[in-house]
Amino acid sequence: MRFSQLLVPTLREEPAEAEVVSHKLMLRAGMIRKLAAGIYTLLPLGVRVMQKVERIIREEMNRAGAQEVVMPCVLPADLWKESGRWDHYGKELLRLKDRHDRDYCFGPTHEEVITDLARREISSYRQLPINLYQIQTKFRDEVRPRFGVMRAREFVMKDAYSFDADEAGAEQSYERMYDAYTRIFQRCGLRFRAVEADTGLIGGRFSHEFMVLADTGEDAIVSCDSCDYAANIERAEIRRAAEKTNEKPKKLERVQTPDRKSVEEVTTFLGVPPERLVKTIIFETEEGAVAALVRGDHEINEAKLRRHLGVTQLELAGDQVVADVTHAPLGFAGPVGLDLKMIADSALEAMSNMVVGANELDAHLINANMGRDFHVEEFADIRLAQAGDPCPRCQGKLQISRGIEVGHIFKLGTKYSEAMGATYLDQEGNERKLIMGCYGIGVGRTAAAAIEQNHDEDGIIFPFAIAPFHVLIVPVNNKDAQVMGAAEDLYRHLSEEGAEVLLDDRDERPGVKFKDADIIGIPLRLTVGEKNLKQGKVEIKVRRSGEITVVALEDAPKQIMGMIRAEAEA
C-alpha cells in the first residue's frame, strides 16, 4: 500500500474531545472519526487493526470447535418479552417500531435470538454440545458514551453461545472458552488477567472478565498479594471480620449534630474515627425498600447487595422515600426504631457502641448496639473491597489495580432456555432444558486497550500481531531517483515475500514522515536516505525499543522478513 493513496488524516494537535490515551491516539493516527456521540467511522488503518483482531478471534474460536453464524441486528420485541428482558433492560436498549407499529430493538446482545434458534433446530442429545458465535455490530444506548471506541454506543462484538446437555458438559464448554480467550489475548500481545465478575444484565450464575492491565483502565481489579485470587471490584469477596471485641455496651445517647450529616462532618464533630460510625443506606427494590448497614469508612457494593437479596432492581432511594421510611431527611437514617428489613455488612458483627443516625433532623445516636437497640436480619459481605482487606482464599491481603474489560464469559445455566422453552430429548427420551454459556469480546475495546497498554509520548506502539502494517518504508527524499528506486525495490521485494508494507511515497519533509510513523505505530521502519545509500546501506528502526540498525541494502529484505517471522512465531 502507498501512503499517497491511503486515507490517513493524521493530526498534530491533541484532540480536545479525547479523555484517554487510546481515544487521543486513534484520532491522531487517523484511525477513527466521530459521527455522533459514541458512534465512530473506522478509517482504513482502523479497519486493518480491527480485522487483525477479528482474524485472531476467528482462528481461536474455530480451533475451540465453535461455528460461525450471523444473526440479525434488528430483533423482534416478542423474543425479549419471552425472556423478561424487554421491561428490565432499561434505556440502554434502543427500541424501534416498523411501519406496522411492531416493536423491535437494535440488538445489544443476542441471547434471545440464539435461544430461539436452538429451540427450533436442536431436538436431541446427539446434536450436543454445540457452540455458535458471530462477530457483528451491537448498539447500547450508553447514558454517557466516552473514551472513543472504548465505551461507544455502536460497537463490534464477538458473541458466542454454548449449548450442553448437562452441567459437566457446560463446565467443559466454559473451560474451552476460557482457554480460547487466554490464547486470543496472548496472541494480541496484551498483558491481561482473568478475574471473577458479576453477571449483570446478562444474568447467569458465574462469570469471568478478561481485563487488560493498564493504569488508565476504568475498572478496578482486586487481587491477592499471596495467591492467584482475582476479581473485579463488583465481585471481590472479603474474608469475614475478626471475633467480636470484649468492649462493654455503653448507654445509648442521642446527640445533636446540627448541619452535619456526612461521615466526615459527623465523626469530626463527635471526635470519633469513621470506622465507629455505621451508615444506614435505604434502597428501593421490586420487593420494596430495604436498609443496608455499612461502616463509615466502607462503601456499599450494590452488585453484592443485589445478588444477596436476589433482586433484579436495586436503586438508592429518593429523598421522599427516605423521608417516608425514616421520618427524617437524607443523611440522618439509622437502624434504631427503623421498621425495614436490614442487611448489615459482615464487618459490623465485631462492632459495639456504634454511632448511627437518629432518624431525626440534626441528630445522631452514640453507643448503639445490635441486639439491644436494633435487630439485623442478616449479615453478608456487601461492601466494596479496599486495599489491605483480608483475602477470602488465603491469609494474604487484597490489592487494587486498574484494568480494561475486553472479554466476558458467563455460565448462564437454564436462565434463557427455561424462559423460552429450549429443550432437547435425552437418551431415555426425556425432555430436558438446554444448559447455556455466553462468551463476548469487544473487538474495538481490544484494539483500544492494546493502545492504552502500548504507547509512548510520540504515539502508538502496536503489538506486532494487530499492527495495520508490518513495516513502513520511508524514502527521505522523493526527488532523488536512487532513493526512490531503492525504496520501490524494497517495497516490491518485501510485498512478494508476504510482508504487509506501507510505502511513504508522499512529497513531504522527512520530519513529517517520521512524526507520522511514530504516531501510527507500525512495528518496523525502513528508512532509505541518500547518505546511507551511497554506502549501499539502509536503516531499520524498531518502534518499540527505538533500536536502530544500519544494514546492507541487499540484506535488508532478509533481515526484515526474519524479524517478521520471529514475531509471528513468538
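1. Basis. Residues are numbered from 1 along each chain as its sequence is written. In this predicted model, local features need pLDDT of at least 70 and side-chain atom pairs need pLDDT 80 or more, while totals for chains, interfaces and linings use all residues; side-chain values use heavy atoms, without hydrogens or water.

2. The sheet. Three strands make an open, antiparallel sheet in the order β13-β19-β18. Strands are DSSP runs (E, at least two residues), numbered from the N terminus; two strands pair if DSSP finds at least two bridges between them. β13 (253–256) and β18 (354–357) each have a single partner strand, so one side of each lacks a neighbour in the sheet.

3. One pairing. β13 and β19 (residues 363–368) pair in the antiparallel sense over four bridges. Valine 255 faces histidine 364 of β19.

4. The whole structure holds two cavities of 30 Å³ or more. A cavity is a set of points on a 1 Å grid over the protein atoms alone where a 1.4 Å probe fits but cannot get out; lining residues have an atom within 4 Å of a point. Volume is the space filled by probe spheres set on the points, which are joined across faces, edges and corners. The largest cavity has about 60 Å³. Its lining includes Leu472, Asp518 and Arg543. β29 (524–528) and β30 (537–542) are among the elements that each supply at least two lining residues.

5. Second largest cavity. This one holds about 40 Å³. Val20, Phe147 and Glu452 are among its lining residues.

Note on methods: 1 Å grid on protein atoms, 1.4 Å probe; cavity = no way out; pocket = protein on both sides within 12 Å on 5 of 7 lines; lining within 4 Å.
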